[in-house]
Amino acid sequence: MSSESSTRERLIATGLPMLLERGYNGLGLQALLSAAGVPKGSFYHHFRDKEDFALQVVDAYMREVHAGLDACLGDPSVIPLDRVRRFFTATQQIYRQQGYMGCLLGGLGQELSGVSDAFRRKIEECFTEISTRLAICLEEARERGDLPATSDPQRLATLLVDCWEGAALRSRLQRDHAPLEAMLEFYFRSAGKS
């Protein structure tokens, strides 16, 4: 890895938890630069502005999400509904390690979607990508008879992501896993798998 790309990656890696904790408006560039040990000029060498930086952090976050989806959904030896639940259980463990700060997408979406079309579009694309990946697994569950034949896997996947985001917000407010657990139990019991 070149020094240039390592500086860029260090800024992104440092900025991700800071954005999660402080939000976009609460993230000061000087605090980011100090935490990353990077001079100001280096920031503008890699990013047009703070918005460009935050959008690239979202891209990095989504690479982690896709890796998690690959790891959990890609094992055909596990029944589809268990694969889907495994993804959310793994995500819940990450939230626990981060102190129940919630989902970066949800946090930035709530903060910025009303004021930035770039963020609104980006966050919506990310949620759509996640639900599309989940829907493939839910379709397998429907084909196996684990979900009713009349169910719509894409709608179920979108609902799952929407419910998770609400539970993630409540989990952040309470600094506790209970909302996430309750949501997963309700969803999978309703889907016919507890």
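**Briefing: salt bridges, core and pockets**

Arg48 counts as exposed (over 50% relative accessible area, with buried under 20% and partly exposed in between; 1.4 Å probe, protein chains only), its relative accessibility being 66%. The model is predicted, so local features need pLDDT of at least 70 and side-chain atom pairs count only at pLDDT 80 or more, while totals for chains, interfaces and linings use all residues. Residues are numbered from 1 along each chain as its sequence is written, and side-chain values use heavy atoms, with hydrogens and water left out.

**Salt bridges**

- The structure holds 10 salt bridges, each defined as a side-chain nitrogen of Lys or Arg within 4 Å of a carboxyl oxygen of Asp or Glu.
- Arg48 pairs with Asp52 at 3.6 Å, N to O; Asp52 is buried, at 10% relative accessible area.
- Arg133 and Asp70 form another salt bridge, at 2.5 Å, N to O.
- Because Arg133 lies in helix H7 and Asp70 in helix H4, this pair ties together parts 63 residues apart in sequence; helices are DSSP runs (H or I, at least four residues), numbered from the N terminus.
- Both partners are partly exposed, Arg133 at 23% and Asp70 at 48%.
- Arg144 and Asp146 meet at 2.7 Å, N to O.

**Nonpolar core**

- The largest nonpolar core has 62 residues; such a core is a set of buried Ala, Val, Leu, Ile, Met, Phe, Trp, Tyr and Cys residues joined through side-chain atoms within 4.5 Å.
- H4 gives the most to this core, with 12 residues.
- Residues with the most contacts inside the core include Leu11, Phe53 and Leu108.
- Beyond its neighbours within four places in sequence, Leu108 is in contact (heavy atoms within 4.5 Å) with Leu19, Tyr24, Val58, Ser113, Phe119 and Ile123.

**Pockets**

- A pocket is an open set of points on a 1 Å grid over the protein atoms alone, where a 1.4 Å probe fits, with protein on both sides within 12 Å along at least five of seven lines; lining residues have an atom within 4 Å of a point.
- The largest pocket has a volume of about 320 Å³, the volume being the space filled by probe spheres set on the points.
- Of its 18 lining residues, Tyr61, Val65, Phe87, Thr91 and Ile94 lie nearest the centre.
- H5 gives the most to the lining of the largest pocket, with 6 residues.
- The second largest pocket has a volume of about 190 Å³, and Met101, Cys103, Gly106, Gly107 and Arg172 are the closest to its centre.
- H6 gives the most to the lining of the second largest pocket, with 6 residues.

Note on methods. Helix = DSSP H or I, 4+ residues; strand = E, 2+ residues; numbered from the N terminus.
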